[in-house]
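Subject: Structure for your review

Hello,

My notes follow below it.

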Amino acid sequence: MKAVIVEEKGKTPTYTPNFKSSKAIAKNAVLMRVKAVAIKNLDRAIASGKHYSVSTKSFNPFVIGTDAVGELEDGRLVYGFGIQGTLSEYAYVDKNQIVPLPKGMNIALAAALPNALMGSVIALMLRAKLKKSEVVLINGATGVTGQVAVQMAKYYGASKVFVTGRNADALKKLEHYGADQLISLTQSSEELSQQIHKLNQEFPIDIVIDYLWGESASVILNTLKGKGAYQHHTRFVNVGAMSGDDLQLSSSILRGTDLVLLGSGLGSWPQDDIDLFFRELLPEAFNLACEKKLFLDTISYNWKEVTQVWNQSLKSNVRLVFKVA
């Protein structure tokens, strides 16, 4: 079978015309002829051998990719979550995690959106339980998932969406997606705190969706802290840790603030939420994208070019997609 594989641990993935998988076929598996696969941070971590799911396992050559867009035996074009690696001529996907594509939808966009939606829609709607007219702060909004989060927060009825980021151009672009206030993370911690405090005084923040953790999350949490008087109820949902896995959290923040701390990721999602995502939330977002009401920038290459482009530098708000031909 034609596939893109990691042949040796830590090596750049390569295209091969004759890979043979030794893995057994799961009962819930459906065979898909693959059309496109988006490469996420998760895929890169697994390919490098550094992700916790593979770091302690004995190594065998494997196909990269965790999900894909492709064609089923009945001819339907669908998105599917992989049971095995997906950047191959054929791949097995979970029959319970298949979503048909709306007619005319761009396959690169369809491949790129689901991971960003998992990191945004689940956090907003199922963890934070966003209600209409609430105020949302998205910390680290200039990446792929952050820009989708801005659009979906507005779609679901947020009255205000405040966004933080370092890249000035990417931050400015978020205005076109509905961001109401741009907050630069290149300013000092004191200036950042003052800006967030001012916004929170005028428009009390209901939800923080955090993709960074580290210093900026610490500043936000300390800024929300009260000084003896009741503070507005805020749900703080951590989705990523691009600025580091640790921060120092003062107990006074919890005592002085009506605050709920949550995480959103594998391990915090009950099966009912996962089922709801694939049954309702993802199809709804696909329709929005097909109607040109939801946007995500992608860059596509033929899968045979994987070795040449794997280590290529990309803008943080662009998703790499390999098309299978």
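Is the crossing of α2 and α9 left-handed or right-handed? The crossing is right-handed; a crossing is right-handed if the near helix is turned clockwise from the far one by less than a right angle, and left-handed if anticlockwise.

This is a predicted model, where local features need pLDDT of at least 70, side-chain atom pairs count only at pLDDT 80 or more, and totals for chains, interfaces and linings use all residues. Residues are numbered from 1 along each chain as its sequence is written, and side-chain values use heavy atoms, without hydrogens and water. Helices (H or I, at least four residues) and strands (E, at least two) are DSSP runs, numbered from the N terminus.

Helix pair. The axes of α2 (residues 107–118) and α9 (residues 271–290) come within 11 Å and cross at roughly 130°. The axes are lines fitted to C-alpha atoms over the stretch in contact, with angles from 0 to 180 degrees between N-to-C directions. L109, A110, L113, P114, L117 and M118 in α2 meet F277, F278, L282, A285, F286 and A289 in α9; contact means heavy atoms within 4.5 Å.

Strands. β8 (residues 135–139) pairs with β9 in the parallel sense over 5 bridges, where pairing needs at least two DSSP bridges. N139 has T164 in β9 as its bridge partner. Of the 6 residues of β9 (residues 160–165), 5 are buried, so β9 is largely enclosed by the rest of the structure. Buried means under 20% relative accessible area (1.4 Å probe, protein chains only).

Q151. This residue lies in helix α4 (residues 144–155) and counts as buried at 7% relative accessibility. Beyond its neighbours within four places in sequence, Q151 contacts Y177, K293, L294 and F295.

Regards

Technical notes
Buried means under 20% relative accessible area, exposed over 50%, partly exposed in between (1.4 Å probe, protein chains only).
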